[in-house]
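Trainee: I would like to go through this structure term by term. Please hold each label against its definition.

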Protein chains: 4
Amino acid sequence: MQTINASIVGGAGYTGGELLRILLQHPDVTINSVVSKSQAGNKISDFFTDLTGETDLIFTSTVDKKTDVLFLCLPHGESKHYLLKHPELASKKIIDLSRDFRLSNDALFNNKKFVYGLPELYRSDIAKADYIANPGCFATTIQLGLLPLAQKHELNQTVYVNAITGSTGAGQKPSDTTHYSWRHSNVSAYQLFNHPHVEEINQSLHHLQNSYHEQLVFVPQRGSFTRGIMATAMLQTKLSENEVLELYTNFYKEAAFTFVTNKAVDLKMVVNTNKCFIQLSKHKDQLVIISVIDNLLKGAAGQAVQNMNLMFGLEEKTALQLKCLTF
Amino acid sequence: MQTINASIVGGAGYTGGELLRILLQHPDVTINSVVSKSQAGNKISDFFTDLTGETDLIFTSTVDKKTDVLFLCLPHGESKHYLLKHPELASKKIIDLSRDFRLSNDALFNNKKFVYGLPELYRSDIAKADYIANPGCFATTIQLGLLPLAQKHELNQTVYVNAITGSTGAGQKPSDTTHYSWRHSNVSAYQLFNHPHVEEINQSLHHLQNSYHEQLVFVPQRGSFTRGIMATAMLQTKLSENEVLELYTNFYKEAAFTFVTNKAVDLKMVVNTNKCFIQLSKHKDQLVIISVIDNLLKGAAGQAVQNMNLMFGLEEKTALQLKCLTF
Amino acid sequence: MQTINASIVGGAGYTGGELLRILLQHPDVTINSVVSKSQAGNKISDFFTDLTGETDLIFTSTVDKKTDVLFLCLPHGESKHYLLKHPELASKKIIDLSRDFRLSNDALFNNKKFVYGLPELYRSDIAKADYIANPGCFATTIQLGLLPLAQKHELNQTVYVNAITGSTGAGQKPSDTTHYSWRHSNVSAYQLFNHPHVEEINQSLHHLQNSYHEQLVFVPQRGSFTRGIMATAMLQTKLSENEVLELYTNFYKEAAFTFVTNKAVDLKMVVNTNKCFIQLSKHKDQLVIISVIDNLLKGAAGQAVQNMNLMFGLEEKTALQLKCLTF
Amino acid sequence: MQTINASIVGGAGYTGGELLRILLQHPDVTINSVVSKSQAGNKISDFFTDLTGETDLIFTSTVDKKTDVLFLCLPHGESKHYLLKHPELASKKIIDLSRDFRLSNDALFNNKKFVYGLPELYRSDIAKADYIANPGCFATTIQLGLLPLAQKHELNQTVYVNAITGSTGAGQKPSDTTHYSWRHSNVSAYQLFNHPHVEEINQSLHHLQNSYHEQLVFVPQRGSFTRGIMATAMLQTKLSENEVLELYTNFYKEAAFTFVTNKAVDLKMVVNTNKCFIQLSKHKDQLVIISVIDNLLKGAAGQAVQNMNLMFGLEEKTALQLKCLTF
């Protein structure tokens, strides 16, 4: 097979760096430009020093013309702006990792619709898509925990979700809440009731279950670790534990990276991988669903490559069978 | 005032050690025996090396006769056994940090009732008590977050609680889930639906609100820090945010260590102190209550000394105005 | 005794905050102004939220006139500037926590000399001083590890020192090397061969041993914790382990917070206290000296209060018998 | 190429698990037995839950007969014993990860010599070997930092080495020093002057420089992270920084995973990879050498696979181009 020429815009951030680490090992991909406003002209391995010995590439200020697929790793709000400023890129396959095109109302560009890039929900659409809106990290974790219930129209009560995330979720720019002295050994809640990912979660759930009416209470929390999200969803349901297990197992039976279990999961089972594990527990009429992902991989760069693999007809797991950190 | 002679049984565990660190600085207390089966005969400062320079005491195998107040820091199940084996101790004031006497049905000993030692709920009873059952760490955190609602009979829906605890909650004996390699940067849930503290929480809530019927869904989680518990309670209520704030502020207006706020709290605000902070947030008909304590202090040894201060008519905060770790 | 009126300039930084936490509990001190350019007018407990319930003080923009003792918690270089701009403060007792007056050549101000505030070395001078230059955190740790050898003129070989520090040593302003994502689980060296504390260490060692000639190789490292410094000094000596132990024990026999041992020490023995522990080990002709302190306390705010106690004739340990974090 | 049948003995420990994670992705390897006394009969993915979805293998109690290469991941002392008890395994290629065969005097088995498996030193011998003694983790880090100097006969002074290691270095069995409550945010030294890895380091250095006489002072330390070793070696030398850089660059010019730099390195540059980075800094006549590896990979399982690749004539990096954790 011919190599796929890939470019990354916003290559000097966390997700850009993770994309690089994955794509440098992808057998079917050649990275032909890594655009960074702040680092243009500098060696990539001088910035991401762990890549010493793996690449001689240099950050550039523009996207190479031969590019087949473009990954946009820009801050929320800037992706749309960047594409409008660079109409010549509209002919490329585009995978956008920002929020800009995730909601149906915002998804149109150049008369084509961005497909929401959650393979567990839209695999066949993704395979045919030119443009992909890559889901948010919290949004991926929580949706994977709730989609099967929505499909069966079982989301008929308030769903309470507590989810804790690592510091990489806050991005690379230093701030008070990513200061080591403050965050170490700490826990804190933020954006109570108004986290921006709630909208894309509601959109997907509503897509599967028309009667679902945004009855999600979401408390995001900052944890003292760098990677990973654990979401705990709690709700009332009449389904038995076995029915729930069967429902989920069936829903994810062809998923490449999502696994269902009734045993205890922990966050580090997925750190540095593209996997999602979902633990299901039922007591009386109450169901607890715990889902875990790596926010930078299944929650960002890994899922982006998974989408690329689907778009180009490659085996879905290519370059994504990553060694788990475990410890 | 005459000094209070205090003894600790089970002095070589986490809560025993914390009691020692507090009582050694207590102006009204003399520690006259620290009993430890495993360490009897050894210098305390050789075991708790941080206490070097602060005490020449030696662990003993029996309680000194002059003891006025006895702190039992034994594993759950062993306190009752110890008291039965040592009837001569029944005449002392007793503060038991295990679960053995917390539930009404189990609280009778020597024809006297153990008072549940939560000063925010039973201050005047504690002041008159001879025997105190010191509350559990999760139980303290969650109750302080819910008591005012129960008092106002506003617990009429399922209450969903997610609470994350530090590794000291698991005790001193090394285990798989306190192994550094596993726990570091990890999160995991455990004892879903059957944590032993739920019973004492239900007992207190029911005491205040007769109509409350154990509708608590509790997901305990292990965090990657050593000290502290953050409990997030979520429920539906018709009370407005202001009504809730007023209710809580009023309920805790005489509490020595419990503070109510509508600003963001974080775990490290209480680490190494005897304080509890409660954050209240309301959106539409949903209320989120976040409460934080140090599990070894307000959740164990600190609250025990607070109870002792009340029992002996001392200022409630004596020896408990501890410097916060903060960072 | 009459209360001491204390003011803090630079009260909204890490060391300012620690001073506040200590002085609020000091029985002989009234805090009468806490100056902060950025926070003037704001409630202290809104900024240091852990102090909720402990103070109603408000940050100010100027030092109160009744002040008896002034703590300067300004960035290096700004203390001298501040005093020059405020000549009215020259009549106060001053304890400067910056580097500005630590070196003999820079120590003169208003015709009076700043005394180097290391009580283990200059206790009697401190007691008589008006101005104190509070030592650096690395400087305190390393000096306490080497002073007895210098006193005995036994520093005749290169001394190799590796010291690892917590993130609070880097100050409150967020930066790349205090970003949680980078620092967590990481170790790194910095300012190899040119750390600014080396000069004050050399000055003290030379003061005790004329023949000492700056033969210190110092590798500072950043650790993945918030508080504490562990310094490991290694050198050749003909003294036996017992001679070294006796030398150190004797040197520190009247030290209020510094303890010598031949058992293993660990960093958390001193975290959140004003103590220093020194571990000595000898093998053949090689001596290893491990010293540990809390960089914000014995390495800054704690030692500053210790100096204040000495300057005002108070018991040296007043308000400094802090509960160790331990875990 | 025909597949290599690989077996692991002691497959339920940390290094066994890491080997599994690597070999499951190795294109030229089939794992045909994973022996574990404690787990025999259990599914591997029930024990290493992160491997769910990647293997259906079951732990066994004996080595499969078709095995081509055997990895021994047994505790120190048990490898030799195991091989003596199983003479039928002597005909296999053997890679032993314990200390049992690392020292020349102990290296003979079945009339064949175990080759010390440090590819940077013995690549061609490894390629021809049947038996490999895989180096220790500290030993690998420190040797890679010193070998070029030994080769040039420049180790003529005492070498002072401080090295800090993650908790996985202490193995899987829970203990007091791997208890999360104790180790978190802590640093401590251990086995001062008598760490068992010193012997193999001395052996290699002496092999390159006859005049080297064990003048290594080694202070191992426990850090608050799970993976990685940073070794800081300090010594006097007349070589200039440029001469040292050239010497090291030249020595490692064909190394697959070892890189030399005069820029700052940090531990996380190598975590979850098989790489080693070496940072060199010179000031006056003093040289500081900082080397970093992942103790479970380049310090154990990764290097074992690197050795296997060499023994079977495969590309040295096969299955070892692992995605760095970075954050």
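Mentor: We take the chain contacts, then a helix, then a sheet.
This is a predicted model: local features need pLDDT of at least 70, side-chain atom pairs count only at pLDDT 80 or more, and totals for chains, interfaces and linings use all residues. Residues are numbered from 1 along each chain as its sequence is written, while chains are lettered from A and ligands numbered from 1 in the order in which they are written.

Trainee: What makes residues of chain A and chain B count as in contact?
Mentor: Their C-beta atoms, placed from the backbone, must lie within 7 Å. By that test, 34 residues of chain A are in contact with 34 residues of chain B. β12(A) gives the largest share of chain A's side, 4 residues. Strands are DSSP runs of E, at least two residues, and helices are runs of H or I, at least four, numbered from the N terminus. That side of chain A divides into 18 nonpolar, 14 polar and 2 charged residues. Nonpolar means Ala, Val, Leu, Ile, Met, Phe, Trp, Tyr, Cys or Pro; charged means Asp, Glu, Lys or Arg; the others, Gly among them, are polar.

Trainee: How do you know that a two-fold axis relates chain A and chain B?
Mentor: A rotation of 180° with 0.0 Å of shift along its axis superposes chain A on chain B, RMSD 0.0 Å. That is the relation of a two-fold axis.

Trainee: Why do the copies meet through the same surface?
Mentor: Because 100% of the interface residues of chain A are also interface residues in chain B.

Trainee: And chain D with chain B?
Mentor: Here 12 residues of chain D are in contact with 12 residues of chain B. Chain D's side holds 2 nonpolar, 8 polar and 2 charged residues.

Trainee: Why is helix α1 of chain D called largely enclosed?
Mentor: A residue is buried if 20 or more other C-beta atoms lie within 10 Å of its own. In α1 (residues 14-23) of chain D, 10 of the 10 residues are buried, so the helix is largely enclosed by the rest of the structure. The cover includes β1, β2, α2, β3 and α9 of chain D.

Methods. Contact = placed C-beta atoms within 7 Å. Least-squares fit on C-alpha atoms with pLDDT ≥ 70 in both. Buried ≥ 20, exposed ≤ 12 C-beta atoms within 10 Å, placed from the backbone.
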